[in-house]
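Here are my notes on the model you sent.

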Amino acid sequence: MIRKIVVYPDKRLKQRSCEVVEFDSTLHTLLDDMNETMTAKNGIGLAAIQVGVPLRALLINLPDEEGEQYPENLIEVINPVIVDRRGSTTYTEGCLSVPEYYDDVERSEWVKVEFQDRYGEKKSIETDGLLAIAFQHEMDHLDGHLFIEKLSFLKRKKFEKEWKKKLKEMREKKK
Ligand code: Y12
Ligand code: CO
């Protein structure tokens with residue numbers, strides 16, 4: 001089932017998500033629905049809070065060089081922790097909860113992440129490039145942070161002004 005995406009400035013996006021303790025059918029349905037929602041919205045990453053569920057669960061599915069996404073490339077990540085990080089890199093990020101806005105964000109270039117899969121099995125990944133960026137972006141959601149918080153003061157001010165205008169236009173269109 002496709003779930004509704006929570007959009008900025010919804011206050012749910014600011015909350016810290018809770019650790020997953022039950023690796024049961026409710027979690028599996030959530031992950032399946034998140035995957036369906038992410039695919040339907042052309043996303044490459046999605047955290048549970050973006051569909052309104054405050055659990056430390058996220059998905060990443062990076063496209064290949066042709067821009068195609070494949071189910072076998074889906075990574076399901078539960079209770080992740082970054083245990084090591086190195087370097088720094090900048091990438092133009094976007095987020096399904098802040099649609100149509102993209103900006104440059106600086107993050108660690110390489111990360112080692114320990115997490116669990118949907119069955120509670122412990123996993124570890126060492127990665128760089130787009131996957132490292134996606135892990136960091138999605139893990140920020142678990143702590144109630146959005147990429148727009150990393151913008152400079154002036155860029156953030158400009159964003160807030162444009163966003164208010166956009167929300168007003170959307171509300172007027174609905175009338
Ligand atoms: C690198 C940078 C950021 C991430 C986090 C995951 N971000 C996304 O998956 C962003 C998706 C996105 C998709 C959009 O397209 C549609 O909604 C159809 C989009 O455009 C609009 O909203 C019009 C914006 C963002 C991982 C790796
Ligand atoms: Co996001």
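1. Bear in mind that the model is predicted.

2. Which residues come nearest to ligand 1? The shell counts 18 residues, and the nearest are Ile-44, Gly-94, Pro-99, Glu-100 and Tyr-102. By type, the shell splits into nine nonpolar, five polar and four charged residues.

3. Now the polar contacts. At Gly-94, a polar backbone atom sits 3.0 Å from a nitrogen atom of ligand 1. Glu-100 also uses its backbone: one of its N or O atoms there is 3.3 Å from a ligand 1 oxygen. Tyr-102 uses its side chain instead, with an N or O atom 3.0 Å from an oxygen atom of ligand 1.

4. How much of ligand 1 does the protein bury? On its own, the ligand exposes 610 Å², and 80% of that is buried by the protein. Two elements give two or more residues each to the shell: strand E4 (89-93) and helix H2 (129-142).

5. Look next at the aromatic residues. Six aromatic pairs are present in the structure. One cluster is made up of Tyr-8, Tyr-101, Phe-147, Phe-159 and Trp-163.

6. Finally, check Trp-110. Which residue lies over its face? Arg-86 does, at 4.1 Å from the ring centre.

Key: Residues are numbered from 1 along each chain as its sequence is written. Chains are lettered from A and ligands numbered from 1 in the order in which they are written. This is a predicted model: local features need pLDDT of at least 70, side-chain atom pairs count only at pLDDT 80 or more; totals for chains, interfaces and linings use all residues. Side-chain values use heavy atoms; hydrogens and water are left out. A residue is near a molecule or strand if one of its heavy atoms lies within 4 Å of it. A polar contact is a pair of N or O atoms within 3.5 Å; within protein, one must be able to donate a hydrogen and the other to accept it, and residues adjacent in sequence count only if both atoms are side-chain atoms. Accessible areas come from the Shrake-Rupley method with a 1.4 Å probe; for residues, only the protein chains shown count as cover. Helices (H or I, at least four residues) and strands (E, at least two) are DSSP runs, numbered from the N terminus. Ala, Val, Leu, Ile, Met, Phe, Trp, Tyr, Cys and Pro count as nonpolar, Asp, Glu, Lys and Arg as charged, and the others, Gly among them, as polar. Rings of Phe, Tyr and Trp (its six-membered ring) pair if their centres lie within 6.5 Å; planes under 30 degrees apart count as stacked, over 60 as edge-to-face and the rest as tilted. A charge sits over a ring if NZ of Lys or CZ of Arg is within 6 Å of the ring centre and within 35 degrees of the ring normal.
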